[in-house]
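These are my notebook entries on one structure. I record what I looked up, in the order in which I looked.

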Amino acid sequence: MDDRNTHLESDSLDLFWMQHALELAKRAADEGEVPVGAVLIKNNEVIGEGWNRPIASHDPSGHAEINAMRAASEKLANYRLVDSTLYVTLEPCVMCAGAIIHARIKRLVYGATEPRTGAVESVFNVLTDERHNHKVEVTGGLLGGESASLLQDFFRARRVK
């Protein structure tokens with residue numbers, strides 16, 4: 001397979017997994033949580049998934065990314081999640097970006113940017129800081145419009161109530 005076909009295959013897989021993350025975000029919304037979803041993939045297999053649950057879990061660290069990493073770590077019996085890709089519908093915060101580095105996740109693909117607390121490009125550049133010993137490949141904006149719309153609709157509905 002040539003590089004062009006590999007790239008096309010990678011793009012369609014990214015789209016597939018980000019759509020899965022969006023479904024998880026909708027689950028969060030159905031539970032009354034801010035609609036963010038995350039899925040962690042290794043060798044094209046789900047090793048962990050999560051959605052925002054800080055309210056239900058009474059846990060300020062109950063973000064989608066953290067929940068996906070916890071599930072993957074338990075499944076693999078390892079806190080290092082090397083050679084994995086994390087798909088998340090919203091640009092990670094500082095806490096989640098730090099956990100991504102510590103888990104040694106290879107790649108992050110995210111949807112919407114977070115202009116107030118984003119720690120990948122919007123406010124901070126945690127993942128690309130040269131001082132870290134682990135480098136994370138980053139792709140931002142995949143299905144960003146859909147991710148942003150889901151969040152906007154959620155908050156609009158809350159303001160109406």
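In which sense do E1 and E2 pair, and over how many bridges? I found that E1 and E2 pair in the antiparallel sense over six bridges. I note that strands (E, at least two residues) and helices (H or I, at least four) are DSSP runs, numbered from the N terminus, and that two strands pair if DSSP finds at least two bridges between them.

Before going on, I note that this is a predicted model, in which local features need pLDDT of at least 70 and side-chain atom pairs count only at pLDDT 80 or more, while totals for chains, interfaces and linings use all residues. Residues are numbered from 1 along each chain as its sequence is written, and side-chain values use heavy atoms, with hydrogens and water left out.

**Entry: the sheet**

I looked up the hairpin of E1 and E2 and found two residues between the strands, with Asn-43 at a positive phi near 55°. Lys-42 has Glu-45 in E2 as its bridge partner. E1 also pairs with E3, in the antiparallel sense, over four bridges; there Val-39 stands opposite Tyr-87. I then read the order of the open sheet of five strands, with mixed pairing, as E2-E1-E3-E4-E5. E2 and E5 (137–140) are the edge strands, each pairing on one side only. E4 (residues 107–112) and E5 run parallel, joined by four bridges.

I asked why E1 counts as largely enclosed by the rest of the structure. It does so because five of its six residues are buried (buried means under 20% relative accessible area, exposed over 50%, partly exposed in between, with a 1.4 Å probe and protein chains only).

**Entry: helix H3**

I checked the length of H3 (residues 64–76): its 13 residues should span 18 Å, and its end C-alpha atoms are 18 Å apart, which agrees. The expected span is 1.5 Å times one less than the number of residues. The buried residues of H3 include Ile-66, Met-69 and Ala-72. Among the elements that cover them are E1, E2, E3 and helix H4 (94–103), where contact means heavy atoms within 4.5 Å. Ala-77, which follows H3, has a positive phi near 55°.

**Entry: cysteines**

I searched the whole structure for disulfides (pairs of cysteine sulfur atoms within 2.5 Å) and found zero. Cys-93 is in no disulfide, and the nearest cysteine sulfur, that of Cys-96, is 3.8 Å away. This distance is too far for a bond. Cys-93 is buried at 15% relative accessible area, and Cys-96 is buried at 0%.
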